Amino acid sequence: MPETPLLSVQNLQISFRGEDALVPAVDGVSFSIYPRQTLAIVGESGCGKSVTAMSILRLIPTPPGKIIAGEIIFNGQDLLKLPEKAMRRVRGGQIAMIFQEPMTSLNPVMTIGDQILEAIFLHQRLPARQAVKLAAESLRQVGIADPERRLGEYPHQISGGMKQRVMIAMALACHPQILIADEPTTALDVTIQAQILELLSTLKTKNNMSVLLITHDLGVVAENADVVAIMYAGRIVEFADVYELYANPLHPYTRGLLACVPRLSQTNQRLTTIPGMVPNARNWPTGCRFEPRCTDCKDEARTQCLSHLPILRQINERHWVATFSAPGYADAKFTLPGLPVRRNKTPATGRMGATD
Amino acid sequence: MLSYIIRRILLMFPTLIGMTFIIFAVIRMAPGLTTAGGSFAPGMLGAHQAQLAQQHFMERRLHLVTRNGKPIPLVVQYVQWINRIIHGDLGTSIKFSEPVTKLVLQRLPVTLVINVISLIIIYLVAVPGGVLAAIYRGRFVDRAFGISSLVLYSLPVIWVGSMAIGFLANPAYLNWFPSAGLHATNTSHMSYFQYVFDYAWHITLPVICLSYGGFAYLAKQVRGSYLENMFMDFTRTAKAKGLPPSAVLLRHVTQNSMLPMITIVGMTVPGLLGGSVIVEKIFSIQGMGRLMYQATYARDLPVIQSMALVSAAITLASYLLVDIAYHAIDPRVNYD
C-alpha cells in the first residue's frame, strides 16, 4: 500500500497587492511531505519560499497578501478552507513554525517560561505544575542547561543560538506533526548553525515529525533533507530526492546553484555566479522565467522557451523538473511532486563542492 | 531597584539646586520689580485707589529686596530664599497678603480635580481610538478618528470655551451648564449626592475644554506604537502558536506598546499642576493657573518664584516615577 502524504500543497497561488496591481509571489506550487520526512525548499530571496511556508499556517498578512487559489491538504482537510478557530488548533498544535530571526521572534517583555507556557496551555489541558514541568522538559530537550532557571529569564538575557533553541522548544512543546523551519540558521554564526541543525535532526527522529526546511544553503540541504524542491520566481523548477538531485541536477538553475557553492578542493578561483538577475514579479517573462539567464537552451529550442512556460513534469520515478532541456521532458506528464523516501546518513554529493 | 530609587532621589537634589539658580536668576532679571505696576483694570478701582494699591505693592516688593534703603546683595537674597524654603516657608504673597503655602494648598486641589479627570478622559478616548485606528489602519475608522481628533486639536481653547459659555451656558440659547465657578451658591443645603452632582455639573464644560485637544497627540502615539508592534516578529510567533488575534493584541502587542504611553503620562503630570490659565480664566475657576495669572500681573514675586519651584520639583518627581514604571514594565531596562 502506498504511503499517504502528511501534507500536500496543490497548485498554490499567492499574490500581494502592490501599488497599482496584484503582484504574484507564489505561482502554482505543488508538493507533498510524508511523515518523518524533511523536505527542503531551496531558492534565493524573493522566490516565494517563505511565503509558501507562511501560507501553510495562514500567517500571510491579508491584506496585502492573498491566497488566490490552491489547496493545502493536511490530515485529509484543506487548511485553506478551515474556519479560523479550527485553524488556530492546527497552528502551534499540529503544525509549528520557527523563524529566521531568533533575536526578534521572542516577545522581549515576557519571560521565556511564560512564552512556552502560553503555547502549552493553548493546546493541552494540563494542571499548571505539570505544564511548567513540560516547559522545563522541552527546554532540556533542546539542550538548554538548568531549564528551571531559564524559564524565569527574559529573551535579552540569552544568546541568539539559545533563543533559536527556545523557539524550537516552544514549537515542540505541543508535539507537532510538522515543523516548518523558515531559514532557522540564517541569522546565526556557523558553529551555532551546525548545532541547531543537528538538534533539529535529532528532535525530528525523536518526535517522529516531518520538517519543512526553508533555506538557501545547499550544504545544509545535502546533509539534512530527504527530498528537495528548488524554487525560482514563484514556481518549483525541480523536485527530487536529495541524492538524485545532487547527482543528476537537470534544471539549469539547479546546476547553476550547485556550481556556485565554493569548493574546498579548488582554491584561488573566483566563485561561479549565475549571470543576470531574478526577474521582477511585476514583470515575469511570458515563457520560461529562467530563460533570460539560461545557458542551456539554444537556437530553435529557445523559441519555445520564449513563448511557453515549462510546467513541472515527472521525468522519472525520483525526479520532477520544469525545463524543456531535460531529457524526456517532452513526453513526461505532470504529477503531484512527492516522494516517500528517507535519506541515510551519507551527505548527498555530486556536482556540489561543499562536501568535496 | 531600591538602591536605584535612592540614588535617583539623591541625584535629584543637585538638579533641584540648579533649578533654584535658574528660577531666581530669571525672575530677578525680569523688569518691573522695583517699579510701580501691576494690572488694575480701569473701572474696577478708582484711578486714585489704583495708584495707591500700586504704590503699596511696590513698597512690599521693595521691602523684599532692600534693607534700610540699601539693596540686599543678590547672593544674600538667594541664600535667604533657600533658607526659607528649607524651613518650609514659601514666603507671603504681595497681592493676597497670605502665605504662599496656604494659597497653593487652596488652589491645587481645584486644579488637580479637573485636570486629572480630563487626563482620564483623554486616555479613555485616545487609547482605544488609537488601537482601533491601528487595527483598521487606512480604513474608515482610522481616517475618521484621525481627522476628527486633528480637527479638535486645531480648535483654540479660547474659542471653544467662549462658544461653550455663549451657547451652552446662556439663558438665551441652551442653558444646560453654569457659566462660572465650581459650586452653586447654596451648597450648604445640599445632600452629599446633590453636592457631587452639582460639582460634576459645574466642571463639565471646563473638563471638556481641557480634554478635547489632547486626543490627537496621544492617539497618534498609541496608533503608531501598536502598528509597529503588530508587525514585529514576536507578534508573528504569537500567531504561529495559535493564539487568537485578541490575545495577540491584548497581551503581546499591548505589553510592548506601554512605554510610549507612560512617557506621555510623565510629560503630562507637571502640566496638571500648572492648570490651564485660559480655561480657568474663561470659567472663573480659582485654580493654580488663575493664581499664576494673577501673580504675574501683580508682579507677586514670592508666588511666582514658589510656583516655578514647585513645578520643577513635581516634574522631577514625575520623571522618577516614569523611570520606575519603565523598569517595572520592560525587563530590558536595567539601572543597576
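In the predicted model, Asp146(A) counts as partly exposed, its relative accessibility being 39%. This residue lies in the loop that joins α5 (128-141) to α6 (147-151) of chain A, and its phi is positive, at about 55°, although Asp146(A) is not a glycine. Most residues other than glycine have a negative phi.

A positive phi also occurs at Asn75(A), where the angle is near 50°, again in a residue other than glycine. Asn75(A) belongs to the loop of chain A between the strands β4 (65-74) and β5 (77-78). With a relative accessible area of 40%, Asn75(A) is partly exposed, because that class covers the values between the 20% limit for buried residues and the 50% limit for exposed ones.

In chain B, a nonpolar patch is found on the surface, formed by Ile158(B), Trp159(B), Met163(B), Phe167(B), Tyr173(B), Leu174(B), Trp176(B), Val277(B) and Ile278(B), which together present about 880 Å² of accessible area. Two helices of chain B, α6 (157-168) and α11 (277-282), each provide at least two residues of this patch, and the most is given by α6(B), which contributes four residues. Trp159(B), one of the residues that form the patch, is located in helix α6 of chain B and has a relative accessible area of 44%, so that Trp159(B) is classed as partly exposed.

Terms used
Residues are numbered from 1 along each chain as its sequence is written. Chains are lettered from A and ligands numbered from 1 in the order in which they are written. This is a predicted model: local features need pLDDT of at least 70, side-chain atom pairs count only at pLDDT 80 or more; totals for chains, interfaces and linings use all residues. Side-chain values use heavy atoms; hydrogens and water are left out. Patches are made of residues with over 30% relative accessible area and no salt bridge: like charges are joined within 9 Å, nonpolar side chains (Val, Leu, Ile, Met, Phe, Trp, Tyr) within 5 Å. Accessible areas come from the Shrake-Rupley method with a 1.4 Å probe; for residues, only the protein chains shown count as cover. A salt bridge is a side-chain nitrogen of Lys or Arg within 4 Å of a carboxyl oxygen of Asp or Glu. Buried means under 20% relative accessible area, exposed over 50%, partly exposed in between (1.4 Å probe, protein chains only).
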